[in-house]
Amino acid sequence: MKKLLSALVLSAIAAAAVPASAAEIVVIVSKQNPATRMFSEQASQFFLGKSNLFTPVDQADGSAIRNEFYHKVADKDAAQVKALWSKLVFTGKATPPKEYPNSAEVKKAVAADPKAIGYIDKSAVDDTVKVILTLP
Amino acid sequence: MKKQLLVAAVLAATAALQAQAGALDDGNLSISGFGTLGVAKSNTDDVKFARYNQADGVGDSARLGLDTNLGLQATYKINDWLSGTAQVLTRKATEHNFGTDLTWAFLKARINDEVAVRVGRVVVPTFLISDYQNVGYANTMMRPPIEMYGQAPIENSDGADINYQHAIGDLNVTAQAFAGVSRGKLFVSSGAGSTASYRAPAAGFSVAGEYGPFLLRFAHARADMKINDIQPINALTTTLSSAGFNQLASDITFTTGKKIAFTSIGGTMDWNNVVGQAEYAQRRAKDKVYLPDTNAWYAMIGYRFGNVLPYYAHASAKGAGSSVTAPAALAKVPPLNAAVGNLLAASEQTSDIVGVRWDFAKSLALKVQVDRIKPGAKSGELINVPAAGYNKNVTVVAAGLDFVF
């Protein structure tokens, strides 16, 4: 029990100590998607299961870019987002976004689907996708 | 020993499922789950505190059964618009040991981006958190306040529902309507405790509006409850009939099917670290039946300090009259008159709840909650009460680990 507790405390400290990365994040859609610009509140709707108009494509659970994205568009930390999705998943209302391991894979998935919306590191952008929002 | 076994079983099930999911996963199958490992005790053995429809409550020794559960869910995406989902939930309910129920099992068709239809078994969204009340991780509080959630006996229904989602500017509107037949067991707490089975055609709807961090929801549901085997009630109605009170007996009984309506308004907020949840609901008999009309409400307020969220809540259940009026002649038979009078009265109770949720690691939350229960009429919602009733306050302390995977 003591071991478990100290493990818990240690992991909590470790989680709190992860520094936020300062890279710019951009929200991207496929070239075929007619959208040209979007507000961050709108973008958050797709990633929080509130709209099905676009299909969200997510970064890896626990990654710095994912934590930063949700913080910037919805002011929510990873646990809040997970709690929100568990409401939707376990009531059969929605399935969580598909996850990809890095910006290159997210970009590939978004480029391939006209309804997809994703977010990647600004430095990973190329002409296969369209940037509709930049998060400073 | 029992506890260690359970923990081991939960861990083994989780590991096995993940291994299996990996093996089966062709990209269209997703397996997920949720659960709570909780332990609770109260400060007395004179009465027991239980969740709604639980046969075993907690007394003055620590027990796992109050809050511990495990839900497993599989969803298979058949194509872009059609999917199938099944969920089983293991917990302590109307039996004296852990049992597993099929809580959800439906085919879902996405008609367009805003409308989805589900056919099969769905959980009835009677109240604000009805359809995710067993998912500890999705809730701030340790368990749904029994004052409110004890009003509705119906858990799921076999039929269909339709879900609609539409944005009007920054306002997200969702609506849901369902119709089906609900079947299930009820724990009858009077005497030594027994179980009864009900069958109820049911239908209802809910409408919710979400504006940024604020959500407001209204819901109405009706069920035509038919219960043949509530022993204590059947014994009473048999006696009433044989004493010549046939009308009263047929007014009281559930054996012929009686309509009950549930109406609720509730909301949640998560605004600048202030987390709130409140709800008010009424249960009304639409046919004459012994089940009393009730009004219930609760309000919770919390504040998020990083990943630590302390909260306070107050909950209340009160009687709102009865659909049945006993004939004046019944007064001439005092024991029957007393029994009927007691049956038609609602149990009343309030609770003060303080707790804290700590999101200490990925997909894990630790909760500690203290409930101070003040039973009113008919010993409130407490079970295993002494024959003379119980009106002393009861304190329940609980700790639980919520997880999702």
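Two residues are in contact here if their C-beta atoms, placed from the backbone, lie within 7 Å. With that in hand, let's walk through chain A. The model is predicted, so local features need pLDDT of at least 70 and side-chain atom pairs count only at pLDDT 80 or more, while totals for chains, interfaces and linings use all residues. Residues are numbered from 1 along each chain as its sequence is written, and chains are lettered from A and ligands numbered from 1 in the order in which they are written.

First, the overall layout. Chain A has five helices and five strands, where helices (H or I, at least four residues) and strands (E, at least two) are DSSP runs numbered from the N terminus. Along the sequence they come in the pattern α-β-α-β-α-α-β-α-β-β. Of the 136 residues in chain A, 34% are buried; a residue gets that label if 20 or more other C-beta atoms lie within 10 Å of its own, is exposed if 12 or fewer do, and is partly exposed in between. If you take the contacts in chain A between residues at least 6 apart in sequence, 72% join residues at least 24 apart.

Now zoom in on α2(A), residues 40-47. This helix is mostly covered, with six of its eight residues buried: Gln42(A), Ala43(A), Ser44(A), Gln45(A), Phe46(A) and Phe47(A). What do they pack against? The buried residues of α2(A) sit against β1, β2, α3, β4 and β5 of chain A. Just past the end of α2(A), Gly49(A) adopts a positive phi of about 75°.

Two packed helices are described by the angle between their axes and the distance between the axes. For α2(A) and α3(A), the angle is about 125° and the axes are 8 Å apart; axes are lines fitted to C-alpha atoms, for helices over the stretch in contact, and angles run from 0 to 180 degrees between N-to-C directions. That makes α2(A) and α3(A) oblique to each other, since angles under 35 degrees count as roughly parallel, over 145 as roughly antiparallel, 65 to 115 as roughly perpendicular and the rest as oblique. Ser40(A), Ala43(A) and Ser44(A) in α2(A) meet Lys72(A), Val73(A) and Ala74(A) in α3(A). By type, the residues of this contact are three nonpolar, two polar and one charged; Ala, Val, Leu, Ile, Met, Phe, Trp, Tyr, Cys and Pro count as nonpolar, Asp, Glu, Lys and Arg as charged, and the others, Gly among them, as polar.

Within α3(A), the buried residues are Phe69(A), Tyr70(A), Val73(A) and Ala74(A). Seen down the axis of α3(A), they fall within an arc of 90°, so they line one face of the helix; the arc is that of the directions from the helix axis to the C-beta atoms. Their cover includes β1, α2, α4, β4 and β5 of chain A. Just after α3(A), Asp75(A) has a positive phi of about 55°.

Ala60(A) is partly exposed because it has 14 C-beta neighbours inside 10 Å, and it touches Arg66(A), Glu99(A) and Pro101(A), leaving aside residues up to four places away in sequence.

Finally, the partner chain: 20 residues of chain A are in contact with 30 residues of chain B. On the chain A side, α1 (2-17) and α4 (78-89) each supply at least two residues, and α4(A) gives the largest share, six residues.
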